[in-house]
Amino acid sequence: MKKIMSIILILCSTALIAQRNWKTETSKDGKVIVKSDIVNTDDGKVIYYIAETTTDISLEKAEKCLRDSQTHKNFLENTTESKQVEKSSESKWITYYFFDAPWPMPNSDAVQEFTVTKTPNSLTVSGTSKPKAYKSTDVKRMNNYDITYHFEKLENQKTKLTITAKFSPVGRVPKFLLKGWFPKGPAGIATRLINEISKK
């Protein structure tokens, strides 16, 4: 069953990649490849990105890190709070985030339901937006925020990390902020995640 779920997730990611009009860039240090696409809709902008890099981390340490919701604020951008607010099983839980956004963006929060799927050579931790799964606060809530962390062991014993995300900001994002965020924003998340995992 776990293998089937992993295959489904990979197929969904492949379909997502095929359907987007990706812009591909590389981080300044050359270590992270970032693909991005911004779509204008009637409800505002939808931002897609994929960040890919290769590292030496183990799947066990990656799983331990991502299962600890409190560590998420250490690698996600402008995140001052991240906490687990519900756990329904060993492979499923709810995480709450508070984002202290830079001016002129408003602060916001988000709620995601995480699931873990594993194979002998891969780990996938997927967060799906569940805005009504936790009490409302005094800031606007992101209704569209999905993110997947996929780790795959390579033949050279390295680990490939792929972060796939889709989100809609709660306010209007100035063009200069969006232009300046790629590729350094997603690349920074990938780099900080690897550093956080290395501490485990």
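**Note on the strands and aromatic pairs of a predicted model**

1. Strands S2 and S3 make a hairpin in which two residues lie between them; strands here are DSSP runs (E, at least two residues; helices are H or I, at least four), numbered from the N terminus. S2 (residues 33-41) pairs with S3 in the antiparallel sense over nine bridges, where pairing requires that DSSP finds at least two bridges between two strands. Within this arrangement Asp37 stands opposite Tyr48 in S3.

2. The model is a predicted one, in which local features need pLDDT of at least 70 and side-chain atom pairs count only at pLDDT 80 or more, while totals for chains, interfaces and linings use all residues. Residues are numbered from 1 along each chain as its sequence is written, and side-chain values use heavy atoms, with hydrogens and water left out.

3. On confidence, the protein averages a pLDDT of 91, and 91% of the residues score at least 70; pLDDT is the predictor's confidence in each residue, on a scale from 0 to 100.

4. Strand S3 spans residues 44-55 and is mostly covered, with nine of its twelve residues buried (buried is under 20% relative accessible area, exposed over 50%, and partly exposed in between, with a 1.4 Å probe and protein chains only). S3 also pairs in the antiparallel sense with strand S10 (residues 159-167), over nine bridges, and the bridge partner of Ile47 in S10 is Phe167.

5. Rings of Phe, Tyr and Trp (its six-membered ring) pair if their centres lie within 6.5 Å, and planes under 30 degrees apart count as stacked, over 60 as edge-to-face and the rest as tilted. By this rule the count comes to ten aromatic pairs. The centres of the Tyr96 and Tyr134 rings are 5.1 Å apart and the planes stand at 50 degrees, so this pair is tilted. It links distant parts of the chain, with Tyr96 in strand S5 (residues 92-99) and Tyr134 in the loop between strand S7 (122-129) and strand S8 (140-141), 38 residues apart. Both Tyr96 and Tyr134 are buried.

6. For Phe99 and Tyr145 the ring centres are 5.9 Å apart and the planes lie at 75 degrees, so the pair is edge-to-face. Because Phe99 lies in strand S5 and Tyr145 in strand S9 (residues 145-153), this pair ties together parts that are 46 residues apart in sequence. Phe99 counts as buried at 9% relative accessibility, and Tyr145 does so at 8%. Phe99 and Tyr145 belong to one aromatic cluster, which also includes Tyr49, Tyr97, Phe167, Trp181 and Phe182.

7. Ile147 is found in strand S9 and is buried, with a relative accessible area of 1%. Leaving aside neighbours within four places in sequence, Ile147 is in contact with residues including Tyr49, Leu76, Val125, Ile163 and Ala165.

Terms used: Contact = heavy atoms within 4.5 Å.
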